[in-house]
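Visitor: Could you show me how to read a protein model, one feature at a time?
Guide: Gladly; let us take a look together.

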Amino acid sequence: MVLGCKDLDKRTAEAEMDLTLAKSQGYLKNQLRTSDALKKLEERVVVRFVIGRRNNRGDSLDRNINEENHKTKDFLILEGHEEAQEELPKKVKSFFSTAVQNWDAEFYVKVDDKIGIDLEGLIGLLEHRRRQDSAYIGCMKSGEVFSEVGKDWYEPDWWKFGDQKSYFRHASGSLFILSKNLVRYIDINSESLMTYAFDDTSVGSWMMGVQATYIDDNRLCCGSIKQGELASVIYSCLNVLQIPYIVLYTRVFVCV
């Protein structure tokens, strides 16, 4: 597993160097404008980088995002959300509401940063779950609730989790999937849904209040091992992206 990860790190670094070179030579932008492959991809999935606005609205970073999005059309900009680390739970709620209002998909996938995705592998996983209502899919876990102020993973509402201070079962935040009816539930009840310190536990709390079908898939566990090989066939935990993005699995899937 260690050797495999080292090899992935090496190939990722090489790919990033090639990408930087391509950008400097102007190839990437030309390909993005003319590529039919991207149009064909969106017959099955829609991929967007998700970002809010800065507290200093209209600054150079905001303008850069607008300019890039005008060229590439690959951002989902949450106009009503202020981008900040402590606001991630609210961001995921805003994302789901905005996504379901703009795209009619069977599944909505939240993907963290530091993730590289095998889209075909993900599509295969979702194809197997098509027309399965109330599906809540991910690497299910629980874990300790930290009550010490200033400590990593501090949960301000720790007292709500009982004497054992343990989170309820929920999908890990790296990548999780919700079917359309669950996302519609979040959208409809957005104003009244409480958020906790983290986005994955917040979503998990919302799923406890509905008849969600929990699907624990170890292929969505970062760095898990299966039959002596890396089981992360859907994604790898590498720092290849700068901001989170999402994948929307469309209804017009065509088997190939």
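**Reading the model**

Guide: Of the 256 residues in the protein chain, 42% are buried; buried means under 20% relative accessible area, exposed means over 50%, and partly exposed lies in between, with a 1.4 Å probe and protein chains only. This is a predicted model, where local features need pLDDT of at least 70, side-chain atom pairs count only at pLDDT 80 or more, and totals for chains, interfaces and linings use all residues. Residues are numbered from 1 along each chain as its sequence is written, and side-chain values use heavy atoms, with hydrogens and water left out.

Visitor: How many helices and strands does the protein chain have?
Guide: The protein chain has eight helices and 11 strands. Helices (H or I, at least four residues) and strands (E, at least two) are DSSP runs, numbered from the N terminus.

Visitor: What is the accessible surface of the protein chain?
Guide: About 14700 Å², and carbon and sulfur atoms account for 50% of that surface. Such areas come from the Shrake-Rupley method with a 1.4 Å probe, and for residues only the protein chains shown count as cover.

Visitor: And how do I read contacts along the sequence?
Guide: Contact means heavy atoms within 4.5 Å. Take the contacts in the protein chain between residues at least 6 apart in sequence: 76% of them join residues at least 24 apart.

Visitor: How do I read two helices that pack together?
Guide: Two packed helices are described by the angle between their axes and the distance between the axes. The axes are lines fitted to C-alpha atoms, for helices over the stretch in contact, and angles run from 0 to 180 degrees between N-to-C directions. Here, helix H5 (residues 88-102) packs with helix H8 (residues 199-208) at an angle of about 55°, and their axes are 8 Å apart. H5 is therefore oblique to H8. Angles under 35 degrees count as roughly parallel, over 145 as roughly antiparallel, 65 to 115 as roughly perpendicular, and the rest as oblique.

Visitor: Is the crossing of H5 and H8 left-handed or right-handed?
Guide: Right-handed. A crossing is left-handed if the near helix is turned anticlockwise from the far one by less than a right angle, and right-handed if clockwise.

Visitor: Which residues in H5 and H8 meet?
Guide: On the H5 side they are Leu88, Pro89, Val92, Lys93 and Phe96, and in H8 they meet Asp199, Ser202, Val203 and Trp206. The residues of this contact of H5 with H8 divide into six nonpolar, one polar and two charged. In this sorting, Ala, Val, Leu, Ile, Met, Phe, Trp, Tyr, Cys and Pro count as nonpolar, Asp, Glu, Lys and Arg as charged, and the others, Gly among them, as polar.

Visitor: At what angle do H5 and helix H7 pack?
Guide: H5 and H7 (residues 180-188) pack at about 115°, with axes 8 Å apart. The two are therefore roughly perpendicular to each other, and H5 passes H7 in a left-handed crossing. In H5, Lys93, Phe96, Ser97, Val100 and Gln101 meet Val183, Arg184, Ile186 and Asp187 in H7. That contact of H5 with H7 divides into four nonpolar, two polar and three charged residues.

Visitor: Is Val111 buried or exposed?
Guide: Val111, in strand E3 (residues 105-111), is buried, with a relative accessible area of 0%. Its C-alpha atom is 5.9 Å from that of Ser174, 63 residues apart along the chain. Lys110 also has its place in E3 and is buried at 7%.

Visitor: What about phi?
Guide: Most residues other than glycine have a negative phi, and most peptide bonds are trans. Arg131 has a positive phi, near 60°, and Ser134 has a positive phi of about 60°. Arg131 is found in the loop between helix H6 (119-128) and strand E5 (135-141), and Ser134 is found in the loop between H6 and E5. Arg131 counts as exposed at 68% relative accessibility, whereas Ser134 counts as buried at 14%.
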